Amino acid sequence: MRRPISYLAGLLLVLLPALAQAEMVLLMAEEEGCAWCRRWDADIAEIYPETPEGKAAPLLRMDIRDAPPEGTELTRPLHFTPTFVLLDDGRETGRIEGYPGEDFFWGLLGMMLREAGALPGSG
């Protein structure tokens, strides 16, 4: 039996939120005027999507004053900018508060991703 395209489109609209959330995401809480956010942007933002870390956990930016995305479960509120929260299926699995510089950022993020099983080297 052939299903009309509208049925399939409707089914896709119902399933998309669940599929979109069923992934690893790096949530960046930032605010206008944050010098450390600007520093992160200058050091990392441009290259992040092309790195293994960026491919494993795409960046999702939000203003710290806004509510976290629907379905997000944080272990505690966001207070500092920037704060980077690793989300696995919407649940917080790790956090970096502040920007500790490029070398420390990559090391901390890599450790969180390995612990979550998103990068090789976990164990």
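Residues are numbered from 1 along each chain as its sequence is written, and side-chain values use heavy atoms, with hydrogens and water left out. In this predicted model, local features need pLDDT of at least 70 and side-chain atom pairs count only at pLDDT 80 or more, while totals for chains, interfaces and linings use all residues.

**Stop 1: helix α4**

Select residues 102-115, which make up α4. Helices are DSSP runs of H or I with at least four residues, strands are runs of E with at least two, and both are numbered from the N terminus. From first C-alpha to last, the 14 residues of α4 reach 20 Å, close to the 20 Å expected at 1.5 Å a residue; the expected span is 1.5 Å times one less than the number of residues.

Now colour by relative accessible area: buried means under 20%, exposed over 50%, and partly exposed in between, with a 1.4 Å probe and protein chains only. Which residues of α4 are buried? They are Phe105, Trp106, Leu109, Gly110, Met112 and Leu113. Seen down the axis of α4, these buried residues fall within an arc of 165 degrees, so they line one face of the helix. The arc is that of the directions from the helix axis to the C-beta atoms. On the other side of α4, Asp103, Phe104 and Glu115 are exposed.

To see what covers the buried residues of α4, show β1 (24-30), α2 (35-45), α3 (52-56), β3 (83-88) and β4 (91-97), which are included in that cover. Past the helix, select Gly117, which follows α4 and has a positive phi, near 80 degrees.

**Stop 2: the nonpolar core**

A nonpolar core is a set of buried Ala, Val, Leu, Ile, Met, Phe, Trp, Tyr and Cys residues joined through side-chain atoms within 4.5 Å. The largest one has 20 residues, and Phe105, Leu109 and Leu113 have the most contacts inside it. β1, α2, β3 and α4 each supply at least two residues of this core. Its largest share, five residues, comes from α4.

Centre on Leu113 next. Leaving aside neighbours within four places in sequence, Leu113 is in contact (heavy atoms within 4.5 Å) with Met24, Glu53, Ala56, Ala57, Leu86, Ala118 and Leu119.

**Stop 3**

β3 and β4 pair in the antiparallel sense over six bridges; strands pair if DSSP finds at least two bridges between them. Two residues lie between the strands of this hairpin, and Asp89 in the turn has a positive phi of about 55 degrees.

**Stop 4: aromatic rings**

Rings of Phe, Tyr and Trp (its six-membered ring) pair if their centres lie within 6.5 Å; planes under 30 degrees apart count as stacked, over 60 as edge-to-face and the rest as tilted. The structure holds seven aromatic pairs. One of them, Trp40 with Tyr48, is tilted, at 6.2 Å centre to centre and 55 degrees between the planes. Trp40 and Tyr48 are buried. Ring pairs link Trp40, Tyr48, Phe84, Tyr99, Phe105 and Trp106 into a cluster.

**Stop 5: Trp36**

Finish in helix α2 at Trp36, which counts as partly exposed at 45% relative accessibility. Not counting residues up to four places away in sequence, Trp36 touches Pro82 and Tyr99.
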